[in-house]
Amino acid sequence: RMSRLVNELLDLARMEAGHIQLNIETQTVDHYMERIIKKFQPVADENQIELKLTMNISEPEAAFDGDRIEQVFTNLIDNAIRHTGEKGYVHITVESNETVFRAEIADNGSGIPEEDLPFVFERFYKADKSRTRTKQKKGTGLGLAIAKNIIDAHQGEIHVKSKEKQGTAFTFTIPQQIQKNSKS
């Protein structure tokens, strides 16, 4: 746990200093997302959570750093599963068109208090007073800060909507044409 915390802090510090290296490659969206779902299906099944993927694809390919965006999906889906009770759901909706790649990860879990929403992307933020963890795995409070930095490096945006005891939805968008930048 301490090693993971140190590595995440170093990774975040590099990102915040503008030293994130992106390996932008063309991804086939449906294959990419099927791999993401396959990774999380056993965890969802184990926790009796419905994991569902809906895709609206008019552009079958998207250009982004596959490993870094997988890191974003991993953080958001893992959080959603951990904060959703048995018989709950985590729904992932992906849209790919000529201008953007967009993803939403929505759950019907414990939600985040409205007063905490402006702080969720800050390092070490945890809303555990409401998003109680009944499962063993503990987070470092860095995952959402790292996710935001990755999306920012892709010149995209990430947002959250949540209601306590109703669920949370994180949405991120990445432009299809990422501008070349000296910091990327």
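**Figure 1. The whole chain, from one end to the other.** Starting at the N terminus, the elements of the protein chain come in the order α-β-α-β-β-α-β-β-α-β-β. That makes 4 helices and 7 strands. Keep in mind that this is a predicted model. The chain has 184 residues, and 48% of them count as buried. If you look at contacts with a separation of 6 or more, 74% of them join residues 24 or more positions apart.

**Figure 2. A close look at helix H3.** Helix H3 takes in residues 66–82, which is 17 residues. From its first C-alpha to its last it reaches 24 Å, close to the 24 Å expected at 1.5 Å a residue. Most of H3 is covered, with 14 of its 17 residues buried. Look at the start of the helix too: there, a side-chain oxygen of Asp-65 comes to within 3.1 Å of the backbone nitrogen of Asp-67.

Figure 3. The buried ones are Gly-143, Leu-144, Ala-145, Ile-146, Ala-147, Asn-149, Ile-150, Ile-151 and Ala-153. Just past the end of H4 you'll find Gln-155, which takes a positive phi of about 60 degrees.

**Figure 4. Where H3 and H4 meet.** Two packed helices are described by the angle between their axes and the distance between the axes. Here, the axes of H3 and H4 come within 9 Å and cross at roughly 145 degrees. The crossing of H3 past H4 is left-handed. On the H3 side, the contact is made by Arg-68, Ile-69, Gln-71, Val-72, Asn-75, Leu-76 and Asn-79. H4 brings Gly-143, Leu-144, Ile-146, Ala-147, Ile-150 and Ile-151. Sorted by type, the residues of this contact come out as 8 nonpolar, 4 polar and 1 charged. As for the spacing along each helix, an α-helix has 3.6 residues a turn, so residues three or four places apart point the same way.

Figure 5. Ser-162 sits in strand S6, which runs over residues 157–163. Its relative accessibility is 13%, so Ser-162 counts as buried, the cut-off being under 20%. A polar atom of its side chain lies 2.7 Å from the backbone nitrogen of Ile-112. The backbone oxygen of Gly-167 also has a polar atom of the Ser-162 side chain 3.1 Å away. Setting aside neighbours within four places in sequence, Ser-162 is in contact with Gly-111, Ile-112, Leu-117, Gly-167 and Thr-168.

**Figure 6. Lys-87, a loop residue with a positive phi.** Lys-87 belongs to the loop between H3 and strand S4, the latter being residues 89–96. Although Lys-87 is not a glycine, it has a positive phi of about 70 degrees. Is this lysine buried or exposed? At 70% relative accessibility, Lys-87 counts as exposed.

**Figure 7. Lys-165, in the loop between S6 and S7.** The loop between S6 and strand S7 (167–175) holds Lys-165. Here again phi is positive in a residue other than glycine, with a value near 65 degrees for Lys-165. Lys-165 is exposed, and its relative accessible area is 77%.

How values were computed. Residues numbered from 1 in each chain as written. Predicted model: local features only at pLDDT ≥ 70, side-chain atom pairs only at ≥ 80, totals over all residues. Heavy atoms only, no water. Buried < 20%, exposed > 50% of the residue type's maximum accessible area, 1.4 Å probe, protein only. Helix = DSSP H or I, 4+ residues; strand = E, 2+ residues; numbered from the N terminus. Expected span 1.5 Å × (residues − 1). Polar contact = N/O pair within 3.5 Å; in protein donor to acceptor, adjacent residues only side chain to side chain. Axes fitted to C-alpha atoms, helices over the stretch in contact; angles between N-to-C directions. Left-handed = near helix turned anticlockwise from the far one by under 90°. Contact = heavy atoms within 4.5 Å. Nonpolar A, V, L, I, M, F, W, Y, C, P; charged D, E, K, R; others polar.
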